[in-house]
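Visitor: Please show me the model, and then let us go through a few questions about it.

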Amino acid sequence: MEIKKTAIAGTLESSDVQIMLSKGTVGVEFDLVSDVAKQFADDIKLTIKETLGLYGIENAVVKVVDKGALDMVIKARTLTAIQRALDAVDQPNWEVL
Amino acid sequence: MMSNEITTIDLKDKSVRRDWQNFLMACGIKNFDDSELNPLDITIAVYENEEIIGTGSIAGDVIKYVAVQETTMSGHSTLFNQLMTKLENFMAVEGRFHQFVFTKPIYQKSFEYIGFKTLAECKQGILLEKGLPDIKEYLSTIPRPKTPIDKVASVVINANPFTNGHRFLIEEASRDNELVYVFVLNQEASLFHTDERIALVKAGVQDLSNVIVVNGGAYIISYLTFPAYFLKHNDSAIDYQTSIDVRLFKYKIASVLGITSRYVGSEPLSHTTNLYNQKLISELNPQIEVHVIQRKLAAGDLGVISARTVREAIDKGDETVWQKMVPETTQHFISNNLLELQQRIRKGQKINGN
């Protein structure tokens, strides 16, 4: 699937993550800011990439500002950003959820 | 953790405005000129015991007047991040995902922690951006040579409109370099509209094969980087803005495009542009060579070729003046659109600035 428009989800508050998705052309490109980037950058990216994969999204620019979010929070915020980016907020993908 | 409620506040309400301004002044923010306040789209604030403890505003794509009381119950950075989330979400709802912020150097880290990236800094302040489309995306739209080359020149013009003087400047750069980038200001603030100015520059340099005409975007002499170019400011503001504009050019644009020189016309007429030229010389040399080219004289006794003189002639309908100052391509455009251009002036478009 292709991203239709830029979308954002999440907050900049502690234990949360802000995720911005927009159109990409060369795979999934990350721009990640996190206090725990050293330890967890790869895990955070993997979670987001897998979630994008559930929707068949192969190309995207992903900007992430992580404030120490747990895995399930990262997944939830990514799902919301995807629904918005696909212009499909009213049609949640139940199989994925 | 205690969560504060963030509310939208109305600065037209005099007592709200007074409290807001007092709070910001206590935080060290002093500029409340109408030119700063009028563009504000929205202002939010957080109250504690009926006193403001944090605030922030949006003006177009710029986030302004962000301040948080140092000693809040829930912590300084928490409240700051809440306010910024709210401001970014306001913009996202309108489909805008790109924001700039000017701030003092001491707050650089606070903004970088939430995803902002520094575009330029000087001792008075820094300019940061977040979101998309960002400068990386802007630069990716500019054509690059396939193999690296040594001498890449740059010219920055408003071309309002494109004159023989601009042509001469670009010819000089074209002759002595392998490639020339001509950046045309994107700001829509001139008698000639941006698409018209770009088209006239392209038409005027069509025969020069090593010249690439590029839209300057938000990053080269815009309301964002250098508002004094378009609106009157005092010299200390000009000093600050020109530092930001020139450093952004040097470190974020020229370095990426491999630019080795910049050509400017000598500036006998405009005080602001003259200060800008001085700043270019002091900041860019020696890494980027600045060539100041003597302004060309028009035929007859009209003095130096100047786009401002051309605009004044358009206002008066004095064809003999612009015929001596602009190339045929620009002449055609002026002749074909004279009434429209004059109408823009009658409707209030200023022609005596840049």
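Visitor: Does B:Met325 count as buried or exposed?
Guide: In this predicted model, local features need pLDDT of at least 70, side-chain atom pairs count only at pLDDT 80 or more, and totals for chains, interfaces and linings use all residues. Residues are numbered from 1 along each chain as its sequence is written, chains are lettered from A and ligands numbered from 1 in the order written, and side-chain values use heavy atoms, with hydrogens and water left out. The classes rest on relative accessible area with a 1.4 Å probe and protein chains only, where buried means under 20%, exposed over 50%, and partly exposed in between. Because its relative accessibility is 0%, B:Met325 counts as buried.

Visitor: Between which helices is the place of B:Met325?
Guide: Helices here are DSSP runs of H or I with at least four residues, strands are E runs of at least two, and both are numbered from the N terminus. Beyond neighbours within four places in sequence, B:Met325 has contacts (heavy atoms within 4.5 Å) that include B:Thr163, B:Asn164 and B:Leu302. Its place is in the loop of chain B between helix H11 (319-323) and helix H12 (328-346).

Visitor: How far apart in space are B:Met325 and B:Glu196?
Guide: Along the sequence, 129 residues separate B:Met325 from B:Glu196. Taken from C-alpha to C-alpha, the distance in space is 18 Å.

Visitor: Which pattern does chain A follow along the sequence?
Guide: Chain A has 2 helices and 4 strands. Read in sequence order, these elements give the pattern β-β-β-α-β-α.
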